[in-house]
Amino acid sequence: MENLEFNYPSANRQVTGRSHVGVAGSGDMELLMQPSETSEAHVSVLTSVNGFGHAWKAVMDRFFSKYDGAVRIEINDAGATPGIVMLRLEQAVEALGK
Amino acid sequence: MTTTDGVIEAPAFVRRNTFIELNARARAQSLMDPGSWRELVGPFDRIQSPWLAAQNIAPQFDDGCVVLKGKIAGKSVVVIALDGGFQAGSMGEVSGAKMATALDLAAADSEHGKQTAAVLLLETGGVRLQEANLGLAVIAEIISSVLRLRQYAPVITVISGTVGCFGGMSLVAGLSSYVIMTPEARLGLNGAEVIEQESGIDEFESSDRDLIWAIDGGEQRVGMGVADLLVNDDSGEIAAGVRRFLNSEPPRVYRSQQVDLYRERIAALDTSAQIDPHSIREAWGRKEGAR
């Protein structure tokens with residue numbers, strides 16, 4: 001198991017609502033998204049696959065290069081590929097607006 | 001399929017409102033009166049299994065058990081749905097405690113004059129082996145909670161598939177007031193792979209899907225009288241089945257009270273030749289006075 005934390009100070013737009021997407025099943029992940037308690041975005045990942053911190057950082061960097069919401073993201077990961085991670089992030093943003 | 005004005009119309013099996021393809025939360029919501037439900041101990045409460053991460057398995061924020069309190073056709077119900085996508089819907093300390101407590105709250109409400117039924121959407125392989133004795137203990141708690149509640153209000157189990165309902169949770173299905181299944185669903189104490197592993201491939205071949213469904217499948221289980229209603233994988237049909245049983249009188253005699261009947265039936269089986277599923281249906285199928 002590995003715990004990864006990321007902060008994105010540039011993501012400081014206030015958001016409302018919360019969303020829950022995905023499932024912690026093989027090759028997939030579960031994600032909670034809600035407004036951050038601080039003025040920046042915070043990501044916390046618990047993954048069952050060790051040694052992929054650089055890949056997680058690359059996906060998160062790319063996501064937050066386009067998204068500016070000050071969100072708190074918590075992820076339970078059971079081996080999602082980077083493509084699935086991005087899909088779940090986008091799905092959570094979409095669900096947040098509803 | 002093309003209609004006369006040239007519009008292409010999908011066949012009925014495509015147009016159907018599938019239940020199986022919904023996740024646990026959406027399944028529960030699809031059965032309930034719109035806007036009537038609220039979730040108890042949801043994912044944002046973050047009550048997760050404390051045991052899985054220690055074994056290098058990702059936990060889930062709701063531990064794979066969704067509890068919605070609300071109404072179906074105006075009647076007070078609690079709908080408890082297991083998420084087959086997470087650890088095959090297995091029952092751990094947290095998911096089991098959620099189910100048992102929800103059933104106990106429904107029983108307490110019912111005892112105080114506010115009848116509250118339970119609908120269990122079971123997609124589960126039974127006890128979560130990673131939580132060992134705690135998993136076994138919660139099954140016992142759920143069983144005692146079902147026995148308490150069913151005196152006051154119906155406990156309706158729906159097994160839609162595709163995981164099916166096995167292990168200790170098959171006992172919970174067996175103790176329910178009513179069981180609804182689809183042809184895709186399976187119900188059994190031991191799953192096919194466990195039987196093959198323990199007793200050999202001659203006993204039960206776990207790769208033979210026709211054989212597995214002929215024995216564990218919804219058509220056979222309803223046909224032999226251990227489940228009550230066979231419906232298609234359609235949210236409307238499943239919801240109609242649930243409403244029908246919500247409005248039914250409790251069973252005159254529960255299957256779990258018919259120990260002598262089932263003992264006699266098993267004793268009467270002729271094991272000198274291979275018994276086929278059809279003959280069990282013929283011999284055990286719903287007859288007058290059976291229930």
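This is a predicted model: local features need pLDDT of at least 70, side-chain atom pairs count only at pLDDT 80 or more; totals for chains, interfaces and linings use all residues.
Trainee: Is B:L52 buried or exposed, and how do you know?

Mentor: B:L52 has 24 other C-beta atoms within 10 Å, so B:L52 is buried. B:L52 is found in the loop between β1 and β2 of chain B. Leaving out residues up to four places away in sequence, B:L52 touches B:I57, B:P59 and B:Q130; two residues are in contact if their C-beta atoms, placed from the backbone, lie within 7 Å. B:L52 and B:L105 are 53 residues apart in sequence, and their C-alpha atoms are 27 Å apart.

Trainee: What makes B:N56 exposed?

Mentor: B:N56 has 12 other C-beta atoms within 10 Å, and B:N56 is therefore exposed. B:N56 also belongs to the loop between β1 and β2 of chain B. Its phi is positive, about 60°, although B:N56 is not a glycine.

Trainee: How is B:V41 classed by its C-beta neighbours?

Mentor: B:V41 has 18 C-beta neighbours inside 10 Å, so B:V41 counts as partly exposed. B:V41 is found in the loop between β1 (38-40) and β2 (65-72) of chain B. Its phi is near 50°, a positive value in a residue other than glycine.

Trainee: Why are α4(B) and α5(B) called roughly parallel to each other?

Mentor: The axes of helix α4 (residues 132-149) and helix α5 (residues 168-175) of chain B come within 10 Å and cross at roughly 5°. Axes are lines fitted to C-alpha atoms, for helices over the stretch in contact, and angles run from 0 to 180 degrees between N-to-C directions. Angles under 35 degrees count as roughly parallel, over 145 as roughly antiparallel, 65 to 115 as roughly perpendicular and the rest as oblique. α4(B) and α5(B) are therefore roughly parallel.

Trainee: Which residues meet between α4(B) and α5(B)?

Mentor: From α4(B), B:I139, B:I142, B:I143, B:V146 and B:L147 meet B:G168, B:M169, B:L171, B:V172 and B:L175 of α5(B). This contact has nine nonpolar, one polar and no charged residues. Ala, Val, Leu, Ile, Met, Phe, Trp, Tyr, Cys and Pro count as nonpolar, Asp, Glu, Lys and Arg as charged, and the others, Gly among them, as polar.

Trainee: How many residues has the largest nonpolar core, and which have the most contacts inside it?

Mentor: The largest nonpolar core has 61 residues, and those with the most contacts inside it are B:V79, B:I80, B:L103, B:A118, B:V119, B:L121 and B:I180. Helix α3 (residues 93-111) of chain B gives the most to this core, with eight residues. Apart from this core lies another, of 30 residues, including A:A24, A:M60, A:A70 and B:F86. Such a core is a set of buried Ala, Val, Leu, Ile, Met, Phe, Trp, Tyr and Cys residues joined through C-beta atoms within 7 Å.

Trainee: How do you know that the radius of gyration of chain A agrees with that of a compact globule?

Mentor: The radius of gyration is taken over C-alpha atoms, and the globule rule is 2.2 Å times the number of residues to the power 0.38. For 98 residues, a compact globule would have a value near 13 Å; chain A has 12 Å and therefore agrees. The C-alpha trace of chain A spans about 30 × 25 × 20 Å along its principal axes, and 39% of its 98 residues count as buried. Chain A has two helices and five strands, in the sequence pattern β-β-β-β-α-β-α.

Trainee: How many residues of chain A are in contact with chain B?

Mentor: 14 residues of chain A are in contact with 12 residues of chain B. β3 (29-35), β4 (41-47) and β5 (71-77) of chain A each supply at least two residues of the side that touches chain B. The residues on that side of chain A divide into six nonpolar, five polar and three charged.

Methods
Residues are numbered from 1 along each chain as its sequence is written. Chains are lettered from A and ligands numbered from 1 in the order in which they are written. A residue is buried if 20 or more other C-beta atoms lie within 10 Å of its own, exposed if 12 or fewer, and partly exposed in between; C-beta atoms are placed from the backbone. Helices (H or I, at least four residues) and strands (E, at least two) are DSSP runs, numbered from the N terminus.
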